[in-house]
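Here are my notes on this model. Please read them with the structure open.

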Amino acid sequence: MFDYTFQWKQALARLPKMLDGAVITMEVAIISMLLGILFAILLTMFRQTKSRPLNAIATTWIEIARNTPALFQIYMAHFGVASFGIHFSPFTSLLIGITFNNAGYLAENFRGALKAIPDTQARAGQSLGMSPVQSFRYIVLPQMLRISFLPMTNQMVWAILMTSLGVTVGMNSDLYGVTQDLNALTFRTFELFAIAGVIFYIITKVITLSARLIAARLFRY
Amino acid sequence: MFDTALSANDLVFLAKGAGITIVVTAISVVIGTILGIIFGVIRVQLGAVLSAPLTLFLDIFRSVPLLIQLVLANAFVGMVLQLQLSGFFVACMVLSLYTSAYCAEIVRGGIDAVPTVTRRAARSLGMSWGQDMRYIVMPLATRVALPSWIGLALGVMKDSALVYVVQVTELLKSTQILITRLQEPLFLLLICGAFYFIISFPLARFGGYLEKRWSND
Amino acid sequence: MIEIQNVRKSFGQLEVLKGIDLNVEKGEVVTVIGGSGSGKSTLLTCINGLEPIVSGKILVDGTEVHAKSTDLNKLRQKIGIVFQQFNAFPHLTVMENVTLAPRKVLGMGKAEAEAIAEKHLNHVGLGDKLGTYPTRLSGGQQQRMAIARALAMSPDYMLFDEVTSALDPQLVGEVLETLKMLAEEGMTMILVTHEMSFARDVSDRVAFFHKGIMAEIGTPAELFENPQHPETQSFLASVR
């Protein structure tokens, strides 16, 4: 039954190239995460305002991000906007797609976190003589961060996993793209992708474990 | 934009893709949920230490890109085992396990949310483990788990867009094929996105509503 | 008859029962008092087999609770227990809470189970709450419902584990009244409680537990008026 002979050595010889790809993958994930947090804060603020257009922008963004496939969002960033004569590189398209997705999910989490903190907290801060900004900064924000920390970790893991979708818009420098190119050269599909899988697994584990350590340090109450 | 080359035949083609998306999702969610309940209950019953191997195994499905899971499964079945299984079968198999890994977490969370003292009360009335599970734990855990489960099912539908990699032409792949032919990416993508949105949005809202309602009492 | 013979019980390193001997006769009411961590609550959960024991024996009507061959589900039908924490089944109405076990465990028909449930719920003063969900009940009402739920299995013995400890002070009385009523009707009961005057009123015997040992046992008059053990004396002085 097992006619197939595994050739791990041949595949493992390509490990350095794959690790280079892993660095790009991390890069995309981290940048998209930082940008995603920024946009998510912006969207959360939009939603808090009374302005209808700002509300509409935020709601549309969040609902599309949460209710369509991430791959669709990346296609939109690459093929969709091409209809307007805008042509992004695969790297940029992937980054835009994942950032869009991150921002949508995170904004929803931030809103939930904001809701979970009773108004009395902010008022208690102000009753101690703090300005609204101070009371938000020192009382509300730290509690929000605690509530949002786990969802943010999960989103970071998602961002890592989503980088694999870049290949569909022609990305070939990230871990998945590199693996796919190597596969085209060597046809050691199983070995190569198994190694890529292990690398992904290790990356996500490192992220979740270090997040847990950080959380234990940050949130002692 | 309304001056399109899209024909009725193309629309049928897209609808077929949408049908595949729904069928793959439905099969995977059903099988994945059944497996997930079994895995979740096993994890609770055995405790963290004894169920560690199972936890580790399921963790793989949540830590490796689905695309890689599909490629690996396909390569393993086709190249290593040399079985002639359809891409559709492989897609459902992988997505079912993928679903079960997330579902097991949800089930575990639901069971853990039932207070020990409530379960003790049931056992102290002479109920067996099975009766406790059936009449006390299941109804209570379902309340906790249902909103997350709806989210999971919708997530699986969206993630099913990746099964193109094992040659299953679902909705997004159908769209892409038409894009290549008609060169109207924005219009076609909007149709495709609208389809996902129309299914996902109301259900997601319903899940959010349930969560809000049930967390209030 | 409940026979407790040299029972030892540990949670990890911590030994919470260090060789308890106690017999409770049919129709007797025994209250157990003592400080927190004295092991008194643990004893109750051991009697109906919710907790395993390290050594010793507990016999209920001659059946060894912790023997492998014992059908615990069957045995527990004889022994009702009510806990300190409210443990209503929140997804079921008051009526359904009480009828669930008779129907599913005893295989009773719906009408019969409801008749019995109604009788017990009337008895504990909840006859007007049959269709209500437990979340709408006060703590005292929830505890009385839990008592009715246990009684609906027609148990021969009832165990009460600090059933008034989690209640607001003004709700304690109604639950104690219910317990007193049961005692007067001749139910065999073991109660763990902090309510000293109640213990004095209803008990045939009172046991004082200290650090996993039954330091002293006697009639209420003996134990409250003339305690022998120095720990009993200091405990009673502290709660007075």
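In which hand, left or right, does H2(A) pass H7(A)?

1. The crossing is right-handed: that is how H2(A) passes H7(A). Bear in mind that the model is predicted.

2. Now the geometry of this pair. Helix H2 of chain A spans residues 15–48, and helix H7 of chain A spans residues 132–162. Their axes come within 9 Å and cross at roughly 135°.

3. Next, the residues in the crossing. H2(A) contributes A:Thr25, A:Ala29, A:Ser32 and A:Met33. H7(A) answers with A:Met156, A:Ala159 and A:Ile160. By class, this contact has 5 nonpolar and 2 polar residues, with no charged ones.

4. Chain A against chain B. Each chain puts 30 residues into the contact. On the chain A side, helices H3 (52–67), H4 (70–80) and H9 (189–218) each give two or more residues. H9(A) supplies the largest share, 10 residues. The chain A side divides into 18 nonpolar, 8 polar and 4 charged residues.

5. Chain B against chain C. Here 16 residues of chain B touch 20 residues of chain C. Two or more residues of the chain B side come from each of helix H5 (116–124) and helix H6 (129–159) of chain B. H5(B) gives the most, with 6 residues. By class, the chain B side has 8 nonpolar, 5 polar and 3 charged residues.

Conventions: Residues numbered from 1 in each chain as written. Chains lettered and ligands numbered in written order. Predicted model: local features only at pLDDT ≥ 70, side-chain atom pairs only at ≥ 80, totals over all residues. Contact = placed C-beta atoms within 7 Å. Helix = DSSP H or I, 4+ residues; strand = E, 2+ residues; numbered from the N terminus. Nonpolar A, V, L, I, M, F, W, Y, C, P; charged D, E, K, R; others polar. Axes fitted to C-alpha atoms, helices over the stretch in contact; angles between N-to-C directions. Left-handed = near helix turned anticlockwise from the far one by under 90°.
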